[in-house]
Amino acid sequence: MFPGIQILMNFENYNVHYYFRGNRSQPILLFLHGFLGNSQDFSRVISVLSQQFCCLAVDLPGHGKTRVLGSEECYTLSNTAQGLIEFLNHLNIDQCFIVGYSMGGRLALYMTLEFPARFQRVILESASPGLKTERERSLRLQADEQRAEELETSNFQSFLSNWYSQPLFQSLQNHTDLKHLIERRLQNNPEELAKSLRQMGTGKQPSLWERLKQNKIPLLLLVGEYDQKFRTINTEIANICPVAHLKIIPKTGHNIHLENSTAWVNQVRQFCALAGG
């Protein structure tokens, strides 16, 4: 058993911080966190899933203890995806399951479409294929740039308070773990987060909508009952992609694995179990 071994791996343009939990003889489940997060965000669900999976969680570029050794281009979606594939190669992992939340979900979907042979099944939590039009992306780029400047110039704690006061996170407001979540976010470097937002934000991401029709890797789309924006997005994904399965988790918002970890774990277990059938 790996009780949660934390490791730093140097290669190419990255010094990647990651940890294993579980037995390496079990199927591997790779976890990709959302913006402002780190590999510890999934600790509650990993503590349960590690009984039957080898769970592998990483800090993405700009987050946690991972360090980018190259230029700011290393923070982009495409370069991060390629870096993670090289990371899996270094660990001798040819194929695995992958879980991505929000920003990590956008990255997981991109990796699935670019490297389909590497992933058995994919779980996307509160994720999106990006924005469809150039105008939408242009407007979002401006918003991302404004937030990146706030990260660089304003009080970080105030930034986080404002971030989690967005309607998207309304159901988190009275959650008992919100305080701990913000404390964990404060461990990040806001200047590094700004680089991530500029290079891997939704405004910078190419649209993946047209590629969904050709995807053959089964997708589990998890969205919260209260998250109307992402319910709409993921309903459309399910209509476009024949191998996508939409599950709406009751009484939750955007951050399902925190708000209802039991239902989240049950869905992931059932979905991954189908890979052997």
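Axes here are lines fitted to C-alpha atoms, for helices over the stretch in contact, and angles run from 0 to 180 degrees between N-to-C directions. Helices (H or I, at least four residues) and strands (E, at least two) are DSSP runs, numbered from the N terminus.

The model is predicted: local features need pLDDT of at least 70, side-chain atom pairs count only at pLDDT 80 or more, and totals for chains, interfaces and linings use all residues. Residues are numbered from 1 along each chain as its sequence is written, and side-chain values use heavy atoms, with hydrogens and water left out.

**Stop 1: α4 and α7**

Select residues 134-153, helix α4, and residues 190-200, helix α7. Their axes lie 8 Å apart, at an angle of about 170 degrees. The two helices are therefore roughly antiparallel (over 145 degrees). Now show the contact (heavy atoms within 4.5 Å). From α4 come D144, E145, R147, A148, E149, L151 and E152. They meet P190, L193, A194, L197 and R198 of α7. By class, this contact has six nonpolar, no polar and six charged residues. Ala, Val, Leu, Ile, Met, Phe, Trp, Tyr, Cys and Pro count as nonpolar, Asp, Glu, Lys and Arg as charged, and the others, Gly among them, as polar.

**Stop 2**

Go to S126, in the loop between β7 (119-125) and α4. Its phi is positive, about 50 degrees, although S126 is not a glycine. Most residues other than glycine have a negative phi. Is S126 buried or exposed? S126 is buried (under 20% relative accessible area), at 1%.

**Stop 3: α2**

Select residues 77-90. This is helix α2, with 14 residues. From first C-alpha to last it reaches 20 Å, close to the 20 Å expected at 1.5 Å a residue; the expected span is 1.5 Å times one less than the number of residues. Colour its buried residues: L77, T80, A81, G83, L84, I85, F87 and L88. After the helix comes N92, with a positive phi near 60 degrees.

**Stop 4: α2 against α3**

L77, S78, T80, A81, L84 and I85 of α2 touch R106, L107, Y110 and M111 of α3. These residues divide into seven nonpolar, two polar and one charged.

**Last stop: S102**

Finish at S102, in the loop between β6 (96-101) and α3. S102 is not a glycine, yet its phi is positive, about 55 degrees.

Terms used
Buried means under 20% relative accessible area, exposed over 50%, partly exposed in between (1.4 Å probe, protein chains only). Angles under 35 degrees count as roughly parallel, over 145 as roughly antiparallel, 65 to 115 as roughly perpendicular and the rest as oblique.
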